Amino acid sequence: MDPIPYIEDSFLSKIFVKYRTLSLQYWWSKETVAVVTGANKGIGFAFVKRLAQLGLTVILTSRDVIKGQAAVDSLKAENLHVEYCQLDISDLRSVSDFAFWISHKFGGLDILVNNAGVSFNEINTNSVEHAETVIETNFYGPKLLIEALLPFFRRSATDSSRILNISSQLGLLSKVKNPKLREMLADEENLSENMIEKMVANFIGSVKKGTWKEEGWPEVWTDYSVSKLALNTYSKILAKRYESDNMKVNCFCPGFTRTSMTSGLGNHTADEAAKLGVSIVLLPHDQLPSGKFFKWSSGLYSKL
């Protein structure tokens with residue numbers, strides 16, 4: 001089996017050059033447990049399929065049980081063994097139940113791919129009508145799940161647990177026009193979770209007051225962009241906190257991918273995006289960086 005399929009793309013080529021030993025190293029096995037959220041379709045489903053093809057034990061999760069089970073059944077029809085568990089990352093009880101389930105059924109996990117997310121905007125629209133739901137799902141959801149699962153990640157001196165948060169370049173600091181906010185987020189030494197939560201609370205407040213347009217928030221898919229800005233910043237904090245504890249935390253922007261969120265528009269398929277994302281999350285322990293923002297087509301990675 002090929003751990004990383006060759007794709008004609010400058011970004012992928014750089015990965016192959018920098019990490020050419022990857023094709024010779026298979027650090028994972030059937031005992032390696034990977035969890036993918038929001039995985040009944042799109043990029044999440046493609047992640048599950050690719051990881052299962054590579055022989056890991058993969059847990060497909062979804063908010064909708066019927067859709068999730070149908071996705072699992074379709075993979076089993078291809079002779080791929082995938083486990084299923086219902087999970088709504090925006091619901092505390094659901095997250096707690098999932099953490100209990102995985103700890104008792106598998107004893108823990110090794111990889112978490114936070115893919116679940118929502119957007120209520122069409123490609124060329126920018127409404128913030130559902131801003132609270134977007135923030136709760138795209139930022140607080142992954143945060144809640146990570147915090148619940150942290151005690152169950154299996155870390156050792158020779159291997160690392162991995163968290164890959166599916167994000168977007170729309171949430172990069174360069175998209176923020178407000179100078180005070182940019183200054184705060186650029187101050188890496190003093191960044192805290194409390195500061196991120198204050199930022200998103202201020203954003204929701206400006207939406208309710210109708211002042212968000214003039215306050216320097218990202219101008220494209222504003223609520224989605226702010227949710228990913230918060231997620232990127234939180235990922236940076238986690239990566240720094242666990243840098244000496246064999247926990248690698250990164251973000252991955254799959255680029256303009258053909259999914260339901262983009263109404264089927266895009267430059268590449270969910271399978272192509274997932275192959276690249278899986279190639280990142282499966283890099284050998286000593287060659288996988290942490291605290292990085294991987295992007296589909298503009299270089300290997302950048303700082304978060």
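Predicted model: local features only at pLDDT ≥ 70, side-chain atom pairs only at ≥ 80, totals over all residues.
Let's start with helix 3, which runs over residues 65-76. Its twelve residues reach 16 Å from the first C-alpha to the last, close to the 16 Å expected at 1.5 Å a residue.

Which residues of helix 3 are buried? They are Gly68, Ala71, Val72 and Leu75. Look down the helix axis and these buried residues fall within an arc of 95°, so they line one face of helix 3. Here's the handy rule behind that kind of pattern: an α-helix has 3.6 residues a turn, so residues three or four places apart point the same way. As for what the buried residues of helix 3 pack against, that's helix 2 (42-53), strand 2 (57-62) and strand 3 (82-86).

Now for the two single residues. Buried means under 20% relative accessible area, so Ile163 at 2% counts as buried, and Thr233 at 5% is buried too.

| Residue | Element | Relative accessible area |
|---|---|---|
| Ile163 | strand 5 (residues 161-166) | 2% |
| Thr233 | helix 8 (residues 222-241) | 5% |

Who touches them? Leaving aside neighbours within four places in sequence, Ile163 is in contact with Leu112, Asn114, Ile146, Phe153, Met247, Lys248, Val249 and Asn250. With the neighbours within four places set aside, Thr233 is in contact with Leu185, Leu191 and Ile196.

One last thing about Ile163: Ala239 is 76 residues away from Ile163 in sequence, yet their C-alpha atoms are 9.4 Å apart in space.

Conventions. Residues numbered from 1 in each chain as written. Heavy atoms only, no water. Helix = DSSP H or I, 4+ residues; strand = E, 2+ residues; numbered from the N terminus. Buried < 20%, exposed > 50% of the residue type's maximum accessible area, 1.4 Å probe, protein only. Contact = heavy atoms within 4.5 Å. Expected span 1.5 Å × (residues − 1). Arc of directions from axis to C-beta.
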